[in-house]
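This report goes through a two-chain model by topic. The sequence and structure come first, and the description follows.

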Amino acid sequence: MPRSLVSRLLVPLFALLSVSSLQAQSLETQGLDDWASIETRAKGQTVYWNAWGGDANTNDYIDWVSQQMQSRFDIDVVHVKLGDTAEAVSRVLAEKAAGNDEDGAIDLIWINGENFAAMKKNGLLYGPWAEQLPNFALTAPDDNPEMRSDFTLPVEGLEAPWGKAQITFYYDSDRVESPPKTTRELLEWARNNPGRFTYPLVPDFLGSTFLKQALLGLIDDPAPLYAPVHEANFESVTAPLWDYLDALHPNLWRSGQSFPNSGSALRQLMGDGELSLAFTFNPLEPAAAVADYQLPPSTRSYVLDDGTLGNVHFVAIPFNASHKAGALMLANFLLSPEAQAHKQDIEVWGDATVLALDTLSEKQRQAFAALPDNPATLPIEALQRTLAEPHPSWMERLEQEWLTRYGTR
Amino acid sequence: MPSSYALGVRLAPWLTITLLSLPVASGLAGVIAPAFGFLPALGGDSLTLTHWQALLDRPGLGRMVQLSYVTGLVSAGASLAIVMLFLGAFMHTRVFTAVRRLLSPLLAVPHAAAAIGLAFLLAPSGLLSRALSPGLTDWQHPPDILFPGDPFGLAMIAGLVLKEVPFLLLMSLAALPQCRASERLRMARALGYGPLSAFLKVVVPGLYPLLRLPVYAVIAFASSTVEVALILGPTTPPPLAVAVLRWLNDPDLSMRFMASAGALLQLGVTLAALATWWLIEVLVRRLTRRWLSNGRRHNGDAVLGGIAFGAVSLSLLLILGSLVGLMLWSLAAYWPFPEALPQPLTLRNWTRAAASMGDPLTQAAVIGIVATLLSLALVVGALEAETLHQRPTRPWAQLILYLPLLVPSVAFLFGLVLMQIQAGVPPGITAVIFGHAIFVLPYVFLSLGESYRRLDPRWAHLARSLGASPARVFWRVRLPMLSVPLMTAAAVGFAVSIGQYLPTLLLGAGRVSTITTEAVSLASGGDRRLTAVYALLQLAMPALGFALALGLPRLLFRRRSGLLTSV
């Protein structure tokens, strides 16, 4: 049997690689109440922060953060720029497989959704720690349950909120007079404007989100979506979505035969004038992109009438991070009113704050009110119509089904 | 000097084999084991074939395999045909000298940068379409045409051919003197053969064996490319390598198992493409035997020459157009369709990048130079040992040499990172240099090997008979005579190092940032202006390398022009 041969060759090698991968991860938890001692321990540390590096605005903001950390706390923050957050997950996984439980190369990861679910499930995270951060209370978590839940998965203190996202549509007002306000109107609009709308290739994050958004807009009773998916109800619940997409695809960009790779590629197509309607997960991105000369000045943003999906993005610490104290200090600073206000500035980055403004002092609130805006900016009230993310199992199942139906043309 | 020479010659072959085989073996184990269900960190501790079943059940798998396989063969075939016809029709002409000058530096353009440039040139909203709109086309908005990204992969094949033509041309230039092309050609011309017929019938049979390995490398690369396929390839479904990368990066970690199986399948597809090519070689040799000796002096020389000229000019125009597009984007603010030029031009993108590009540039240069020197020393040592013992490198050693080019690098690097952590090698610049050397070394060997082996042994015999020691022969005769191929090999190696993304990211734990890691992460964010700045910088570095490689020997040997073997 080839099987026995393979196992004879490989098992010893891999047994070697996987020793001690099941150790507990409760290091350092005892010191969390004593913030002063964390501050002392963090002094002089170098924190390796792995964060997606695809956006120059974000990178510049992280640069600013690292200058602040250096001058205020004597902590050196290094931005490790990733093309994809999964690269960091892979690294922690490889370290665990190799039995590296203390000297991990990553101290903090910008993360949410599926990547968080994967790390939590495989015991790759340090914690709980997030709720002990002094600034965590400013998010008023009891009134804002999304601070404690990442795609319906309980956070349990394993990651700290950093910014807010909500599906926001944007269009070129020179070419579109009245953009579609509901999922069904979108189909009508696409029929009248063939080739001017599309969504990113599933399973890209934003592409898959569009499937959930459309599904929520098409069904009357969303309740099943908030429980794990069952084969028994999958077909009946999702049938309206597939009918909808069957009708929509011929009217998409490239007749639905090709899709852009990501949300950024979608934005680029808007900038090139190939599309006249698109959407993003960052409500202030269209305004920031206009300020950055990437989108036409005639860009306008809005949220669908029946609401759009929203979620929060977080930072997490791997179980084997070498500089946990420094990472905690950094996560706390990211939640400070000053850092959050600077982040929401569309001339800096334009990422919506997670802080509850009524927990802040008058002066701190002023910093948010005084931020610049332009006509592409989404009015902040619009963000109230937030739909909660369905259970993560739906995303996976929807992606599979989409790939079977439309992945091969 | 002699003792270090002897030691070097003895050790180099073994060091080379260790440097390549150790990481490749563990990298392969890191693919094979999970493919059959074994990866304890993810709870896989028994051997199973279910992941292969899952792979086979993937929708569109057949189409993915087909795309990779066909792309590999067609792009290699087209590039080789263009290079051969062009050489045949234009060698020893002024057109040839001009094209050669233009094409060689273009080899330095990294695949990703060329693909981005080409996509922007030919897309419906691209430079070409802007230049013609709305005047000639009446387009106020870009038309909805599926190119690039066409389901047949034509755009992807075009992008690959564009990059491989300069590569094969450079490899041919290095090989032509070794197969005495000029002498053969003169003889055939004297017998009345047309220029192209003479080349095809008399030179190619001697030249092709020297080009075989570079051609195989082209097939392997084209059938497993990720960057070019991501930018120019179809999406529903993508070629296999892109799909494997997606599975490997899937947040659902249990996809790793199927991704590993997919990586092995990719290896199989690449090998199948190579085997097919080998069969075609045999077939062509059989079928052309009569034709070679049938005595016909002309075989549509003018027509074929015209086609070759057209193809080469087209590739030149496309590459130059892509570069112009990149430059314009790097100077653009908001640049809407159908304006043909960005207005106003601004240096904002450059100043913005300037703030943060110093470190990545120096890091990339240091890594590239050290990895290239290391590879060059090992390759020369190994080749010298071969020459000294008059014993060709054994087939298994040859295979090890080319494994890094054959195994899809995404999968193989995951295993490598496991080994790195296991061995306690800290992530950082040293690890990255060795990681680059794994990929640089095969290319250096590829570009240097044949020139080294074909160097007329009578020079060495002559020097020995005049009383020189083997070490002296090496330092005073062989190295100077090979200075041009050595410099070319170094430039190729440096260019390969500059282009590495995954090894830099994985082995450096992301802490080592080079111009390429910056470019790729920015490209994922889709700001074409900054991407253009970084792509231009990314191609400026190897271009500088090639300029040095071509210029330095001329400067050093201006009194010994006989060493500058020209075609």
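Which are the buried residues of H11(B)?

## Helix H11 of chain B

The model is a predicted one. In H11(B), the buried residues are B:Leu240, B:Ala241, B:Val242, B:Ala243, B:Val244, B:Leu245, B:Arg246, B:Trp247 and B:Leu248. Helix H11 of chain B spans residues 240–248, and nine of its nine residues are buried, so the helix is largely enclosed by the rest of the structure.

## Chain A overall

Chain A has 14 helices and eleven strands. Along the principal axes, its C-alpha atoms fill a box of roughly 75 × 60 × 35 Å. A compact globule of 409 residues would have a radius of gyration near 22 Å, and the value for chain A, 22 Å, agrees with this.

Of the 409 residues in chain A, 52% are buried. Taking the contacts in chain A between residues at least 6 apart in sequence, 83% join residues at least 24 apart.

## Domains of chain A

Two domains are assigned in chain A: domain 1 covers 26–163 + 313–377, and domain 2 covers 168–310 + 387–406. The centres of domain 1 of chain A and domain 2 of chain A, taken over C-alpha atoms, are separated by 28 Å.

Contact between these domains of chain A involves 19 residues of domain 1 and 20 residues of domain 2. On the side of domain 1 of chain A that touches domain 2 of chain A, H5(A) has the largest share, with three residues. By class, that side of domain 1 of chain A divides into eight nonpolar, seven polar and four charged residues.

## Domains of chain B

In chain B, the domain assignment gives domain 1 as 1–33 + 355–556 and domain 2 as 58–347. Between the C-alpha centres of domain 1 of chain B and domain 2 of chain B there are 24 Å. Here 33 residues of domain 1 of chain B are in contact with 35 residues of domain 2 of chain B.

Several helices of chain B each supply at least two residues of the side of domain 1 that touches domain 2, among them H1 (2–35), H17 (429–454) and H23 (528–556). The largest share of this side of domain 1 of chain B comes from H23(B), with 15 residues. The side of domain 1 of chain B that touches domain 2 of chain B holds 22 nonpolar, seven polar and four charged residues.

## B:Ala519

Helix H22 of chain B, residues 515–523, contains B:Ala519. Why does B:Ala519 count as buried? A residue is buried if 20 or more other C-beta atoms lie within 10 Å of its own, and B:Ala519 counts as buried because it has 27 C-beta neighbours inside 10 Å.

Not counting residues up to four places away in sequence, B:Ala519 touches B:Thr531, B:Tyr534, B:Ala535 and B:Gln538. B:Glu183 is 336 residues from B:Ala519 along the chain, and their C-alpha atoms are separated by 46 Å.

## Contact between chains A and B

The contact between the chains takes 63 residues from chain A and 57 residues from chain B. Elements of chain A that each supply at least two residues of the side touching chain B include helix H1 (2–18), strand E1 (46–52), strand E2 (76–82) and helix H14 (392–406). H4(A) gives the most to this side of chain A, with nine residues. By class, the residues of the side of chain A that touches chain B divide into 25 nonpolar, 23 polar and 15 charged.

Definitions and conventions. Residues numbered from 1 in each chain as written. Chains lettered and ligands numbered in written order. Predicted model: local features only at pLDDT ≥ 70, side-chain atom pairs only at ≥ 80, totals over all residues. Contact = placed C-beta atoms within 7 Å. Helix = DSSP H or I, 4+ residues; strand = E, 2+ residues; numbered from the N terminus. Nonpolar A, V, L, I, M, F, W, Y, C, P; charged D, E, K, R; others polar. Buried ≥ 20, exposed ≤ 12 C-beta atoms within 10 Å, placed from the backbone. Domains from an automatic or database assignment. Rg over C-alpha atoms; globule rule 2.2 N^0.38 Å.
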